[in-house]
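Subject: Structure handover

Hi,

My notes on it follow below.

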Amino acid sequence: MKKELRIKKNKEFQAAFQNGTSFANRQFVVYSLKKEDQDFFRIGLSVSKKIGNAVTRNRIKRYVRQAVFELKDQLAAGNDYVIIARKPTAEMDFFEVKKSITHVLKVGKVLKKSR
């Protein structure tokens, strides 16, 4: 995933938390913030230390990035998304993560229907 497609600054995370809409399932919480002046989407990831050690947290982040990369054509552009992983993601493999991300994005109605 390209660097300009990532949210890094705390101020940007806080803006998504305070002004964005949230939707969730058991594994993920997603905050979506509409950006009018932006013609692409950006992703911010948050995985708590409560979930596991650094290896586990980094694996979850890699899985989420890859899942979003595979869904990028269906994601609504012009939004910032902050994805927060919950505890059950520590035991999930990539396909379960992708299925869960797809589900939570459909719940939030930000995923276009696949053809």
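Helices (H or I, at least four residues) and strands (E, at least two) are DSSP runs, numbered from the N terminus. The expected span of a helix is 1.5 Å times one less than its number of residues. Two caveats before the findings. This is a predicted model, with residues numbered from 1 along each chain as its sequence is written, and local features need pLDDT of at least 70, side-chain atom pairs count only at pLDDT 80 or more, while totals for chains, interfaces and linings use all residues. Side-chain values use heavy atoms, leaving out hydrogens and water.

**Helix α2**

α2 covers residues 54-70, which is 17 residues. From first C-alpha to last it reaches 24 Å, close to the 24 Å expected at 1.5 Å a residue. Which of its residues are buried (under 20% relative accessible area; exposed is over 50%, partly exposed in between; 1.4 Å probe, protein chains only)? They are Thr56, Arg57, Ile60, Val64, Ala67 and Val68. These residues span an arc of only 105° around the axis, so they sit on the same side of α2. The arc is taken from the directions from the helix axis to the C-beta atoms. The buried residues pack against β2 (28-34), β3 (42-47), β4 (79-85) and α3 (94-107). Contact here means heavy atoms within 4.5 Å.

**The sheet**

Four strands make an open sheet, ordered β1-β2-β4-β3, with mixed pairing. Two strands pair if DSSP finds at least two bridges between them. β1 (21-24) and β3 are at the edges with a single partner strand each, so one side of each has no neighbour in the sheet. The twist averages 20° from one strand to the next. β2 and β4 run antiparallel and are joined by seven bridges. Ser32 has Tyr81 in β4 as its bridge partner.

Two helices pack here. α2 lies across β2, β3 and β4, at about 155° to β3. α3 packs on the sheet too, touching β1, β2 and β4, and its direction makes about 45° with that of β2. Axes are lines fitted to C-alpha atoms, for helices over the stretch in contact, and angles run from 0 to 180 degrees between N-to-C directions.

**Aromatic pairs**

How many aromatic pairs does a search of the whole structure find? Five. Rings of Phe, Tyr and Trp (its six-membered ring) pair if their centres lie within 6.5 Å; planes under 30 degrees apart are stacked, over 60 edge-to-face, the rest tilted. One of the pairs is Phe17 with Tyr31: centres 4.9 Å apart, planes at 75°, so edge-to-face. Phe17 is in helix α1 (residues 10-19) and Tyr31 in strand β2, so this pair ties together parts 14 residues apart in sequence. Phe17 is partly exposed, at 28% relative accessible area.

Another pair is Tyr63 with Phe94: centres 6.0 Å apart, planes at 65°, so edge-to-face. Tyr63 lies in α2 and Phe94 in α3, so the pair ties together parts 31 residues apart in sequence. Tyr63 is partly exposed at 21% relative accessibility. Phe94 is buried at 16%. Finally, Phe13, Phe17 and Tyr31 form one aromatic cluster.

**After α3**

Lys112 lies in the segment after α3. Its relative accessible area is 47%, so Lys112 counts as partly exposed. Leaving aside neighbours within four places in sequence, Lys112 contacts Asp73, Gln74, Leu75 and Ala76.

Regards
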